[in-house]
Every structure is written in C-alpha cells, then in structure tokens.
Amino acid sequence: MLMRTTVRLLRIIGLLVLAVGLSACSAVKLGYGSAPQVVYWWLDGYLDFTDAQAPQVRDELDRLHRWHRSTELPKLAALLQQASQLAPGDISAPQACAVVNALRGRIGAVAQQAEPALAAVAPGLTAAQLEHLAQRYQRNDADFRKEWLDAGPAERAERRYRQWLERGESIYGALDDAQKAVLREQVAQSIFDPQLQAAERQRRQRHALQTLRQASAQPAQAAVLLRGYLLRTQDSPDPAWHNHRDQLLQESCRTFALLHASTTPTQREAAARRLRAYQRDLMELAGGS
C-alpha cells in the first residue's frame, strides 16, 4: 500500500497533469492544486487517520507537493516536450518505452522523497488502523476478482479494449474503425494474465501489512523497514511477475506504436498541440502560477 500510495501521489500530482483526457488547461491547474487534499482523502479511506495523526499527514503531503512543484514539474515538462516533438512523425516501440521508463524514474523519485514521511507516520498506526487497512484490501481484492478473475475471456478483452480506446482517443481524438481494429487485434493477442496480477497484488498487500506491523513494534527501525519495502515493491522478488510485467510493458509500447502508425497527420498534430499545452501548464505551475 505504501508504494501504491506514492504511485498514486505521483499520478495525482504529476501524471494527472499529463493526462490528456483533461479537456482544458484550467482542469490541469485545478487538479494539481487540489492534489494534497485528494491524496489525503484517498489515504484516509485506507487508514482512517485519527484527529491527532491528520495534521502530520496533511503537513507531509503539503511538503511533498511543494517539492514536486519545484523539482519534478520541470522534469515532467521536459518529457512532454520530448513527446510533443515525437508526435508528428513515426514512433517506434523502443521510443515509446523510453518515455514510459522515464516516467517510471519519476515515480521512483517521488517514492524516495516520500520515504521520510512514511517512516514518521507508520510507527503511530494502531492495530485497529492496520485491521481497517486489511479489510480495505479484502474489498479491493473482491472488486478485482469480480472485474478480472470471474469475468470470461470476452468480457476481459472488451474491458481492456475500452481502456486502450479511452487512452487513444484522449490523445488523438476520435479513432476510426480501422484504428479501433488495431487495438482490438492487439488486445486479442495480449499476454495479460489476471491471475499473475492478483498474486502480485496480494503479495504486496501482505508485505505492506507485515512491514507496518514491524514498524509499529520497532519504531527505531521504521525507516530501514520501509526503505526495504519500497525497494522490493519497485522491483518485485517474484520472477514470474517480474517477467510478465516486463513483457506487458513491451507489448504496450508495440500497441501504442502500431496505433500511432495508423493515425493521420491531423490526429498527430492534434496530439502534439495537446502535449505542448500541457507542457506550458506545467511550467506555469512550476513557477507558482
């Protein structure tokens, strides 16, 4: 959960402002400005903070937000500039993966920056809060099971196709039938395995609960325990999942490259304009606007 927290924080603070599904610059700025409050509500749903804990958590989120504004937004803006320069031409799968890997590096930076805050908060969590977290995990697992494990192959494929369609149209605008067919074909050939996804989710949840219980029992060791947890979460010790994750990444990069190859010059220019607009937004936000 802790690594998922930092990833979620980056998505809301950083990747939210990259999300080309947002329709206006004002939406980007509003989303970024409210990120600490949104993340606090999300965390509170998992850990049910006490009145005494809430101010510290809010302060730490505000600190992380300030750091992200000054340090990470310019780096994300640079990635957007790179992407906007690529958009008008052909994009290979390795080029797409290079951008994704750069974004993963930014996730790692947020995790590292958040580590002291996690170490400060974790020892104060009570047994009741950890039980609340365990129950929330169980509900999440039930939702995942319903959506991915209990569903038939056709239903899973349709859900993944819809995800890809939403992402594609958020970048390029409406896709035509031939472009939609590209996505359906790639989804049909995908190696996506929800069983492996579920197993990794549960491993991380068990590890998170174990780490938090140890941090509560050994406050002086909290920083070391959490650092180890974050490192193992970023690089899973399960070789089956590690291999599956890497193959999925390569697959996603190929799918994007094929979709991009099918787009028209008009669609590519629209994508470039969107990316340039978000780049300007990030630079204004980094400057405190």
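First, the ground rules. This is a predicted model, with local features needing pLDDT of at least 70 and side-chain atom pairs counting only at pLDDT 80 or more, while totals for chains, interfaces and linings use all residues. Residues are numbered from 1 along each chain as its sequence is written, and side-chain values use heavy atoms, with hydrogens and water left out.

Now the fold. The protein chain has twelve helices and zero strands. Those are DSSP runs, numbered from the N terminus: helices are H or I with at least four residues, strands are E with at least two. Of 289 residues, 46% count as buried. Buried means under 20% relative accessible area, with exposed over 50% and partly exposed in between, using a 1.4 Å probe and protein chains only. Take contacts, meaning heavy atoms within 4.5 Å. Among those between residues at least 6 apart in sequence, 82% join residues at least 24 apart.

On to H7, residues 153–172. What do its buried residues pack against? They pack against H6, H8, H9, H11 and H12. The buried set includes Arg156, Arg160, Tyr161 and Trp164. After H7 comes glycine 173, with a positive phi near 90°.

Last, phenylalanine 192. Where does it lie? Phenylalanine 192 sits in the loop between H8 (177–188) and H9 (194–217). Is phenylalanine 192 buried or exposed? Buried, because its relative accessible area is 18%. Leaving aside neighbours within four places in sequence, phenylalanine 192 is in contact with Trp148, Arg160, Gln197, His244 and Leu248. Arginine 156 is 36 residues away in sequence and 9.8 Å away in space, C-alpha to C-alpha, from phenylalanine 192.

Technical notes
The expected span of a helix is 1.5 Å times one less than its number of residues.
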